[in-house]
Amino acid sequence: MATTSGTQEPHETECSVCRGNFVVPKILQCGHIFCRDCIVSVINSKRQPNCPLCRNAIVDPTEQEAGIIPESIADSLPQDFAMDALAASVEALAQEPVCCVCDDVRADSICLQCRDMLCPVCTKVHKKLSATRGHDVESLSTVTAKQLATSRPTPCADHVDQQAGLFCTHHGVAICATCAIAKHRACPDVKDLASKVQSAEKGINGLVDTLTAAETMMEQSIDQLDLCLKESAPVNFFVTVC
């Protein structure tokens, strides 16, 4: 279940069942998100378990009849990796700011890629090492949980503790090298994740440009329509009687 943190943004990373930060957030069919263990608890506590927020059924009647255990039902639900990353980032920033290298020295920065807290001396070293010189190091006084979450490496769809480096277009999931061999060998289109992200970004940017152009054209059309309405408005003639 979730754990509490004094630095979390209200309700954004909070499970409405346990009132703590999400731990393994799962998405119900209704779209609401809860901790995996909280869903198991809700299923175990009711004969006909419903979503705590909207009261829609959590368990399909066929699953109940088949006697599927609550843990299996919860595990089969899709995991919200974005919320998982955000909740983990909130927890990381709530920790005591101690340098991960020096142990007893207060940290004032954090590496967004390594997620390690660093003191001023170690920050300089971190920026000079060939393996980490390209990393983004931010001040702990200004960094946000969202910044930390968005810089988190994409996890494999099946192994959340493994970094994904590939993307299976056929199944629409990010995968690690092990899964590419074990589960997606026969898939027709497995590509490098970075190139897939770049392609998606280009597509999104193109869509944004198209929508922006359409918005501009609509505003111009509205202005022209307003002008036409003003020009065609009836003229009131007033006759002054002397």
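Two residues are said to be in contact when they have heavy atoms within 4.5 Å. The structure described here is a predicted model, in which local features need pLDDT of at least 70 and side-chain atom pairs count only at pLDDT 80 or more, while totals for chains, interfaces and linings use all residues. Residues are numbered from 1 along each chain as its sequence is written, and side-chain values use heavy atoms, with hydrogens and water left out.

Ser109 lies in strand β3, residues 109-111, where a strand is a DSSP run (E) of at least two residues and a helix one (H or I) of at least four, numbered from the N terminus. Leaving aside neighbours within four places in sequence, Ser109 is in contact with Asp116, Met117, Leu118, Thr123, Val137, Glu138, Ser139 and Leu140.

Phe81, by contrast, is found in helix α4, and, with neighbours within four places in sequence again left aside, Phe81 is in contact with Pro155, Cys156, Ala157 and Val160. Although Phe81 and Val24 are 57 residues apart in sequence, their C-alpha atoms are 8.3 Å apart in space.

The table sets out the accessibility of the two residues, where buried means under 20% relative accessible area, exposed over 50%, and partly exposed in between (1.4 Å probe, protein chains only).

| Residue | Relative accessible area | Class |
|---|---|---|
| Ser109 | 11% | buried |
| Phe81 | 28% | partly exposed |

According to an unreviewed UniProt entry, the annotation "domain: B box-type" covers residues 94-140 and 151-185, although such annotations may be inferred rather than shown by experiment. In the span 151-185, the end C-alpha atoms lie 29 Å apart, and the span is 17% helix and 17% strand.
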